[in-house]
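Reader: Could you take me closely through one part of this model, the sheet and the metal site beside it in your account? I would like the cut-offs behind each term as you go.

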Amino acid sequence: MNRRNLLKIIPIGLLMTGGVVGLGKLFAAQKKSPEAQTVDNKAPKKMITLDELKTLERDPERITPIALSDDDWSKVLSPNQFVILRKAGTERPGSSPLDNENREGQFVCAGCGLALFESNTKFDSGTGWPSFYDVIDGHMGTSTDWKIGYPRTEYHCARCEGHQGHVFKDGPRPTGLRYCNNGLAIKFIPADSTS
Ligand SMILES: [Zn+2]
């Protein structure tokens, strides 16, 4: 529900449920809406080893959710990648060379190698972060992030749950979406290297 619709409904809610109690109930209901909850991660996760993680990197399509301890993640990720992927951090804008990567290929999760974006959905958003207008179907999960006081939609790799970025509704056609991604959270695989 957008803010304008919500503002229209608040006075009706007050009339129907009566005063302050009604308003409290309304906001409680709003916070519990499906949009405010993690929409995936329901599948049981398989705890894996570092050796099994290496096998997954050669299989960029299999999306069975996996789990690895923080200790193991810190062995395969750089400190900055660990903060972004495992602790939902954000890199400095303009810091990723992938912002200017325009070759044909796929962008895969830097944690587990799952293919996340096709290069033909990449566009220059001018933000300094690699940006895409679509994801590979079924390979990304979302949740609502209240970190900075208002809701933003966080998205993450469907396989290892590594945080990738936030999605906004000011992107180009055909989706109108802007997936604002941390460059350190993805790796580029050129098309000529996958055949
Ligand atoms: Zn992943």
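Author: Six strands form an open sheet in the order β5-β6-β10-β9-β8-β7, with antiparallel pairing, where strands are DSSP runs of E of at least two residues, numbered from the N terminus, and two of them pair if DSSP finds at least two bridges between them. Because β5 (122-123) and β7 (140-145) stand at the edges with a single partner strand each, one side of each is left without a neighbour in the sheet. The model is predicted, so local features need pLDDT of at least 70 and side-chain atom pairs count only at pLDDT 80 or more, while totals for chains, interfaces and linings use all residues. Residues are numbered from 1 along each chain as its sequence is written, and side-chain values use heavy atoms, with hydrogens and water left out.

β5 is joined to β6 (residues 131-132) by 2 bridges in the antiparallel sense, and phenylalanine 123 has serine 131 as its bridge partner.

Turning to the metal, the zinc ion has as protein donors the SG atoms of Cys109, Cys112, Cys157 and Cys160, lying 2.3 to 2.4 Å from it; donors are N, O and S atoms within 2.8 Å of the metal (3.2 Å for Na, K and Ca), and sites may look incomplete because water is not among the atoms. The 4 donor atoms subtend angles of 100 to 116 degrees, which makes the arrangement tetrahedral, a term that requires all angles of four donors to lie between 85 and 135 degrees. Cysteine 112, in the loop between β3 and β4 (115-118), and cysteine 160, in the loop between β8 (152-157) and β9 (163-168), are 48 residues apart and link distant parts of the chain. Cysteine 112 is buried at a relative accessible area of 0%, and cysteine 160 is buried at 1%, where buried means under 20% relative accessible area (1.4 Å probe, protein chains only).

Technical notes. Helix = DSSP H or I, 4+ residues; strand = E, 2+ residues; numbered from the N terminus. Tetrahedral: all angles 85-135°; square planar, octahedral: opposite > 155°, others 65-115°. Buried < 20%, exposed > 50% of the residue type's maximum accessible area, 1.4 Å probe, protein only.
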